[in-house]
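Please walk through the following structure one part at a time, with the sequence and the model side by side.

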Amino acid sequence: MMLSPFLNALGADSPAADRAGKMDLYGRFIGSWDLDVTQFSGDGVPRRRKGEWHFGWALEGRAIQDVWIVPPRGELRRGDAAANVNSYGTTLRVFDPRIDAWQVQWSDPVTQTFLQMIGRAQGNEIVQLGTRADGHPIRWSFLEITPDSFLWRGETSADGGSNWRKVTEFRAQRIA
C-alpha cells in the first residue's frame, strides 16, 4: 500500500537527533501491539475485549503518535460505535524541554473525549496526569514494561487524587 502525501509528511523513520535521548521514554513502544482490554464500569463489573495499538515516530521525529482501537478493526467495528463503547483515537506525545516532561494530547472522535496530560517517568514506569472535562483528575500509567509487553492502566479520581478508581486496563503484547 502506498502512503498518502499526508501520511508521508506525518511519519518519521526515527527520533530527531536533537531529542534522541529524551524520546526513548515512549520510543520503546514504537511498533504494533495486541491488546487484552478490561473496562470497569461504575459498578465495577468488568467488560473484556480485544484491541490493537500502534505507535510511530511523527513530525520529523519530534513526536510519538499512536492509534488505539477497541475492538480491533474488522467485523466487531460494525454498528453504532458510540453505543457499543468502541474507541478509535490517537495520542500525540511531544517532549517539552521547558518542563523536562511530555505534553500528551488524546483525542477520540467516537466517544468525543479530548484530554491533555503531562507524562513523566516514575522509576521504571510512566505516569501521565491530567484532568477530565468534568474536573476530575485522571492518571494513565504504563506499568510492568518489558521489550515485548506492558500493562497500561487508566484511572480517575473523585476526590482530587487521594483515591483512584480503575477505569480501563490494557495488557499489551508486541506483534512480531
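Strands β2 and β3 form a hairpin in which 4 residues lie between the two, and Leu 59, in the turn, has a positive phi of about 50°. The strands named here (E, at least two residues) are DSSP runs, numbered from the N terminus. This is a predicted model, in which local features need pLDDT of at least 70 and side-chain atom pairs count only at pLDDT 80 or more, while totals for chains, interfaces and linings use all residues. Residues are numbered from 1 along each chain as its sequence is written, and side-chain values use heavy atoms, with hydrogens and water left out.

The pairing of β2 with strand β3 (residues 63–70) is antiparallel and runs over 7 bridges, where two strands are said to pair if DSSP finds at least two bridges between them. Within this pairing, His 54 stands opposite Val 67 in β3. Strand β2 (residues 46–58) is also joined to strand β1 (residues 31–40), by 10 bridges, and these two strands run antiparallel. Here Asp 34 has Glu 52 in β2 as its bridge partner.

Strand β5 (residues 101–108) contains Ser 107, which counts as partly exposed because its relative accessibility is 29%; buried means under 20% relative accessible area, exposed over 50%, and partly exposed in between (1.4 Å probe, protein chains only). Ser 107 and Gly 89 are 18 residues apart in sequence, yet 5.5 Å apart in space from C-alpha to C-alpha. Leaving aside neighbours within four places in sequence, Ser 107 is in contact (heavy atoms within 4.5 Å) with Gly 89, Thr 90, Thr 113 and Phe 114.

Thr 156 belongs to strand β9 (residues 149–156), and it is buried because its relative accessible area is 7%. The side chains of Thr 156 and Arg 132 are joined by a polar contact of 3.4 Å, that is, a pair of N or O atoms within 3.5 Å of which, within protein, one must be able to donate a hydrogen and the other to accept it, with residues adjacent in sequence counting only if both atoms are side-chain atoms. Not counting residues up to four places away in sequence, Thr 156 touches several residues, among them Arg 132, His 136, Trp 164 and Val 167.

Thr 168 lies in strand β10 (residues 165–174) and is likewise buried, with a relative accessible area of 13%. Beyond residues up to four places away in sequence, Thr 168 touches Val 37, Thr 38, Gln 39, Phe 40, Trp 152, Arg 153 and Gly 154.
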